[in-house]
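Good morning, colleagues. I would ask you to look at the model now on the screen, and I shall then take you through one part of it.

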Amino acid sequence: MKKVWNALCVAVFVVGLVTFAQTPGDDAEPARSFTVVMAHFRINADGSKTNLRDRIVYAKANGEQRQTLYDPNDGRGSTRQSTVVARTEEGLFVTAPGLTERKLLSTTAVPQRMQECFRSARCLSANPRFVRTEELAGLQVYVYRDNVPPPNGMEWIEQSYSPKTGFLALHRVSHFRDGSEDVLKATSVEFKDVPDDLNDDIKTMPIRKP
């Protein structure tokens, strides 16, 4: 069981907190529910591509989220659900099919002011980490870059945010010193209601003890 949980923790995608000192602009987009389909792959040092675990992200207007990860195509024409990550009012949790417990990853809450800033184009562009804008899945995104000093194997990381989807990185590129990259990229974004009971099944699970 310990190996299972360790594997899940390695596989989990957790959106990193970005510190904002700016005041959210009056151009902030309204909070909305949406669904995002994301591809996850690695660009190897030789330029070849390895597909990893794609995911679907469901987000409620109140900030609650659920990410369902899938194993790569197993050769039988289908993919298999492998991991579920849920952000609730209690914190960030992970579980998987067949498990009866949830593992607490973080109790860190996203401050309301920060959530509002991520929905403001003016606030996003005022941050010193901002480097450029791009188009992604039909949305304009604001790209943030952080350089990682040696001896860490990662050289830099870029994350892209849209005011319409707020605090969720729609594109994340982790660039390593050997030239390889780990990429998580939204392929479609659809604004629609998600179930009110989005994470009720996870909320009822007991929390795994350390």
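Tyr144 stands opposite Gln159 in β10. This is a predicted model, in which local features need pLDDT of at least 70 and side-chain atom pairs count only at pLDDT 80 or more, while totals for chains, interfaces and linings use all residues. Residues are numbered from 1 along each chain as its sequence is written, and side-chain values use heavy atoms, with hydrogens and water left out.

Helices (H or I, at least four residues) and strands (E, at least two) are DSSP runs, numbered from the N terminus. Two strands are said to pair if DSSP finds at least two bridges between them. Strand β9, residues 139–147, pairs with β10 in the antiparallel sense over six bridges, and a hairpin through six residues joins β9 to β10. β10 also pairs with β11, again antiparallel and over six bridges; here Trp156 stands opposite His175 in β11. The charged end of Arg145 sits over the ring of Trp156, 4.2 Å from its centre; the criterion is NZ of Lys or CZ of Arg within 6 Å of the ring centre and within 35 degrees of the ring normal.

How many of the eight residues of β10 are buried? Six are, where buried means under 20% relative accessible area, with a 1.4 Å probe and protein chains only. Ser160, in this strand, counts as buried because its relative accessibility is 3%. Leaving aside neighbours within four places in sequence, Ser160 is in contact (heavy atoms within 4.5 Å) with several residues, including Val141, Tyr142, Leu168 and His171.

I turn to the aromatic rings. Rings of Phe, Tyr and Trp (its six-membered ring) pair if their centres lie within 6.5 Å; planes under 30 degrees apart count as stacked, over 60 as edge-to-face and the rest as tilted. By this rule the count comes to six aromatic pairs. Phe118 and Tyr161 form an edge-to-face pair, 4.7 Å centre to centre with 70° between the planes. Phe118 lies in helix α2 (residues 112–118) and Tyr161 in strand β10, so the pair ties together parts that are 43 residues apart in sequence. Both residues, Phe118 and Tyr161, are buried. Phe118 also forms an edge-to-face pair with Phe167, at 4.7 Å centre to centre and 85° between the planes. Phe167 lies in the loop between β10 and β11, 49 residues from Phe118. Finally, ring pairs link Phe118, Phe130, Tyr142, Tyr144, Tyr161 and Phe167 into a cluster.

Terms used. Buried < 20%, exposed > 50% of the residue type's maximum accessible area, 1.4 Å probe, protein only.
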